[in-house]
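Here is a protein chain to explore step by step. Keep the picture in view as you read, and look up each residue as it comes along.

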Amino acid sequence: MNTNATTSSVTPSTLNPKQPQQRQTAKEIIAANVKELIAQLEAGHSNALTAYLDAMSRFHNYSFGNVLEIARQRPDATRVAGLYAWNQLGRKVRKGEKGIRILAPIIGIRRKTEKEAEKDPAFQNKPVLVGFRNAYVFDVSQTEGAELPTMHEVHGDVGENRDRLVSYVERQGIELVFTENIAPALGASYGGRIAILPGQSEAEEFSTLVHELAHEMLHKAERRTTTTKVVKETEAESVAFVVGKAVGLKAGTASADYIHLYHGNASLLAESLEVIQQTSAVILAALQPPTEEQAAMPDAELAKVA
């Protein structure tokens, strides 16, 4: 068979033939889940948003679409993994348990063309995203077996997270000051400068700083200047809720009226939920003790999932 020298080929390398190709795109699944979330909230079930934000705090390493999928199918899930991963931990999924469907990437290989090989003999074949397939994970409550290692939780004490958060703020070139001049406000964001009211408890100060950092990350960029003040505040508070819950703080309930800011506009709601998830993931990644590999990795990369 003749091959055009300028044509690249992509070969799937992780597709499991036993599992059917995912028919819906990730965008379609996100849209369907956002539509369902809107319907629940408009019907008066405002705890649906809090459940979703809870899921964000527990599964911040998952993609936006998969967080939606987990929250929709099993909102009480606390720790999920696939069959193989649970087996490696000495646990088995109980017979009859229904898996939580998520989307797993199909990674292929783009093979170098003859032209690329001639131009650069060291040119390597590159992995590329071909599409997505169904994959299934199970919550720890669906399994039995060996006891799991205790997951690190702060239980209301921010511990080293406070210093790591301050260090992250400083690395972003943001000036941090403590001043009584902003009272009665607990914090304020000025674009490159964050002011915090002194005298707060460690947990309150941590949450306030996350809230103001979220403003710096989300709302000081020119692309989001059209967002209303109410939306900005609820987005920042949602990030503080997610991050606080993730590190073990007893966070307050996120605004139950969040959905009403959008008057049923699914695209606007999806945009906010996605930026909340992404911003929370970046901050939570910055709070982790970095490995040598992570120390050299841009913060945005740390939020990406497989």
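Arg162 has a relative accessibility of 26%, so it counts as partly exposed. This is a predicted model. Arg162 forms a salt bridge with Glu205, and their closest N and O atoms are 2.7 Å apart. Where do the two partners sit? Arg162 lies in helix 6 (residues 161-171) and Glu205 in helix 7, so the pair ties together parts that are 43 residues apart in sequence. Glu205 is buried, because its relative accessible area of 14% falls under the 20% limit.

Why can such pairs form? Side chains of opposite charge can pair when their charged atoms come close. The count here comes to nine salt bridges. Some of them share partners: Glu69, Arg72 and Arg101 are joined in this way into one network.

Take two further pairs. Glu97 and Arg94 meet through their side chains in a salt bridge, at 3.4 Å from N to O. Glu97 is partly exposed, with a relative accessible area of 28%. Arg94 is partly exposed too, at 31%. In the other pair, Asp76 bridges to Arg74, with 3.9 Å between the closest N and O atoms. Asp76 is exposed, because its relative accessibility of 53% is over the 50% mark. Arg74 is partly exposed, at 23%.

Now go back to helix 7 (residues 202-218), where Glu212 has its place. Is Glu212 buried or exposed? Its relative accessible area is 6%, so Glu212 is buried. Leaving out residues up to four places away in sequence, Glu212 touches Gly187, Ala188, Ser189, Ile194 and Ile196.

Next, turn to the nonpolar residues. In soluble globular proteins, nonpolar side chains tend to be buried together. The largest nonpolar core in this model has 57 residues, and Tyr52 and Phe206 have the most contacts inside it. Helix 9 (residues 266-287) gives this core its largest share, ten residues. Another core, of five residues, lies apart from it; Ile182, Ala188, Ala195 and Leu197 are among its members.

What does Tyr52 touch? Beyond its neighbours within four places in sequence, Tyr52 is in contact with Phe64, Val67, Leu68, Ala71 and Leu273.

Finish with helix 9. Of its 22 residues, 16 are buried, so helix 9 is largely enclosed by the rest of the structure. At 1.5 Å a residue, helix 9 should span 32 Å, and its end C-alpha atoms are 32 Å apart, which agrees.

How values were computed: Residues are numbered from 1 along each chain as its sequence is written. This is a predicted model: local features need pLDDT of at least 70, side-chain atom pairs count only at pLDDT 80 or more; totals for chains, interfaces and linings use all residues. Side-chain values use heavy atoms; hydrogens and water are left out. A nonpolar core is a set of buried Ala, Val, Leu, Ile, Met, Phe, Trp, Tyr and Cys residues joined through side-chain atoms within 4.5 Å. Buried means under 20% relative accessible area, exposed over 50%, partly exposed in between (1.4 Å probe, protein chains only). Helices (H or I, at least four residues) and strands (E, at least two) are DSSP runs, numbered from the N terminus. Contact means heavy atoms within 4.5 Å. The expected span of a helix is 1.5 Å times one less than its number of residues. A salt bridge is a side-chain nitrogen of Lys or Arg within 4 Å of a carboxyl oxygen of Asp or Glu.
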